[in-house]
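Here are a few friendly notes to read alongside the model. Please have the structure open as you go through them.

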Amino acid sequence: MAKPLMAKATAVWLVDNTTLSFKQIADFCGLHELEIQGIADGDVASGVKGFDPVANNQLTQAEIEKAEKDPLHRLQLKFNPAAIGEEKRRGPRYTPLSKRQDRPNAILWLVKFHPELVDSQIAKLVGTTKPTIQTIRERTHWNISNMQPIDPVALGLCKQSELDAAVQKAAAKRAKEGEALSDDERRKLLSTEQSLEASAEPRMPTAIEGLETFSLSGDPRDEDDEREQKYDADSFFNLPDSDDDEDEDDDRR
């Protein structure tokens, strides 16, 4: 159901100038019934000036009088012919000029870490075109050598909830098609909340990957001990035995 402009100010006017029920005003303005009660008590929107929906062509006096007579009647927003055809247009979202230079890096990140996303999903997330996505996938983009993958959420090009929704949609589609997913692909298809709640898995650091079965033939300290035992001070200087020295002294005498 369409809501009136300046909903809270409209609710203030309806509370002050009509005998409509709190539920009727809440339904029409898109607010909670307790908020309308707070407005009537002066606890909510105390400094808000009322906005007349009749004078601003959003509601008719006849509609108000009809709702006052029937507490079950729901107020209907006045039909505005000028609003026809103003529905939200589909297509790539608008990206501010200051962030357009960051879109290729965001596309590269999505292509690299979420290859399950189709071009239409990426185009909707970051506001780009399919030919641009295709050139980055094929690495034929004119600036591919200077590009770095950067999270589009960190760049402010989309919300984390939007990215999670696109990833979950891709996961449901692949599951429906019956494709087998690897462990890494399953991790990529998790939303932020699911990945944060999951227990951390011990993984081998990439710097020492493949060395888990490597063992040294011996401890270097053992070799140092052997060298110390083999080369003691006496053997190093080749000193004669003490008995031989005494015999030589006796012969001289």
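1. W109 and F113 are four residues apart in helix α5 (residues 103-113), so about one helical turn separates them. Helices here are DSSP runs of H or I, at least four residues long, numbered from the N terminus. A word on the source: this is a predicted model, where local features need pLDDT of at least 70 and side-chain atom pairs count only at pLDDT 80 or more, while totals for chains, interfaces and linings use all residues. Residues are numbered from 1 along each chain as its sequence is written, and side-chain values use heavy atoms, leaving out hydrogens and water.

2. How many aromatic pairs does the count come to? The count is one aromatic pair (ring centres within 6.5 Å, using the six-membered ring for Trp; planes under 30 degrees apart are stacked, over 60 edge-to-face, the rest tilted). W109 and F113 form a tilted pair, 5.3 Å centre to centre with 40 degrees between the planes.

3. Is W109 buried or exposed? W109 counts as buried, at 15% relative accessibility, whereas F113 is partly exposed at 32%. Buried means under 20% relative accessible area, exposed over 50%, and partly exposed in between, with a 1.4 Å probe and protein chains only.

4. Now look at helix α2. Its buried residues are Q24, I25, A26, F28 and C29. Their cover includes α1 (7-17), α3 and α4 (61-69), where contact means heavy atoms within 4.5 Å.

5. On the α3 side, F22, K23, I25 and A26 of α2 meet E33, I36, Q37 and A40 of α3. After α2 comes G30, with a positive phi near 75 degrees.

Note on methods. Helix = DSSP H or I, 4+ residues; strand = E, 2+ residues; numbered from the N terminus.
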